[in-house]
Amino acid sequence: MSVHIALLGRTPWALVNTYYASVMREERPKEVYIVTESRYSHNLPKITEAIKAISEAYGFSPEVKTLVIPDDDFKEADRVLKNLFSELTEKDGDIVLNMTSGRKALVAAAIIHSRESKVREILYMALLDVQFPNRPYMMLPKHMQVLKNFLGGENGR
């Protein structure tokens with residue numbers, strides 16, 4: 001089973017655009033987990049809608065789940081992400097970790113606990129010109145967006 005774990009911080013477009021880029025690279029997850037802190041949870045409905053719309057446009061419909069962690073709570077972030085990665089490992093999940101928008105507490109915990117899982121990619125999309133941060137993926141020139149897989153393999157595409 002393919003799973004996409006997306007970490008949400010203060011920039012919703014960063015999460016959505018990285019997901020869009022991964023879908024354009026043929027990723028077709030069965031489940032998408034959006035993990036965020038309380039202060040950003042008000043963005044979850046529109047991000048969930050965006051994930052579903054992008055997926056449906058490419059002919060698939062993943063189950064979208066959300067996990068909300070108290071603000072700046074490294075211990076809770078560690079516990080929640082440890083449980084998530086452990087559960088996905090038991091299900092034999094093939095995981096893509098999208099850390100572009102994530103805050104440090106979430107990113108640190110996710111990377112630590114991803115080591116024991118079948119993580120295929122750890123993605124970060126750099127926006128080379130921050131003059132246009134809040135635009136959909138397809139409205140930004142491709143040369144301004146660099147998709148990096150921190151586990152190696154082919155970047156961008």
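With which residues is S55 in contact, once its neighbours within four places in sequence are left aside? In this predicted model, where local features need pLDDT of at least 70, side-chain atom pairs count only at pLDDT 80 or more, and totals for chains, interfaces and linings use all residues, the answer is Y19, F60 and P62, contact meaning heavy atoms within 4.5 Å. Residues are numbered from 1 along each chain as its sequence is written, and side-chain values use heavy atoms, with hydrogens and water left out.

S55 is placed in helix α2, which spans residues 44–57; helices (H or I, at least four residues) and strands (E, at least two) are DSSP runs, numbered from the N terminus. With a relative accessibility of 0%, S55 counts as buried, where buried means under 20% relative accessible area, exposed over 50% and partly exposed in between (1.4 Å probe, protein chains only). The side chains of S55 and Y19 make a polar contact at 2.6 Å, that is, a pair of N or O atoms within 3.5 Å, of which, within protein, one must be able to donate a hydrogen and the other to accept it, residues adjacent in sequence counting only if both atoms are side-chain atoms.

Helix α1 (residues 12–24) packs against α2 at an angle of about 15°, their axes being 10 Å apart; axes are lines fitted to C-alpha atoms, for helices over the stretch in contact, and angles run from 0 to 180 degrees between N-to-C directions. The two helices α1 and α2 are therefore roughly parallel to each other, a description applied to angles under 35 degrees.

Two residues other than glycine have a positive phi: E26, near 85°, and D72, near 55°.

In helix α4 (residues 104–114), S114 counts as buried at 6% relative accessibility. Leaving aside neighbours within four places in sequence, S114 is in contact with F85, V119 and I122, while the C-alpha atoms of S114 and L81, 33 residues apart along the chain, are separated by 8.8 Å.

Key: Parallel < 35°, antiparallel > 145°, perpendicular 65-115°, else oblique.
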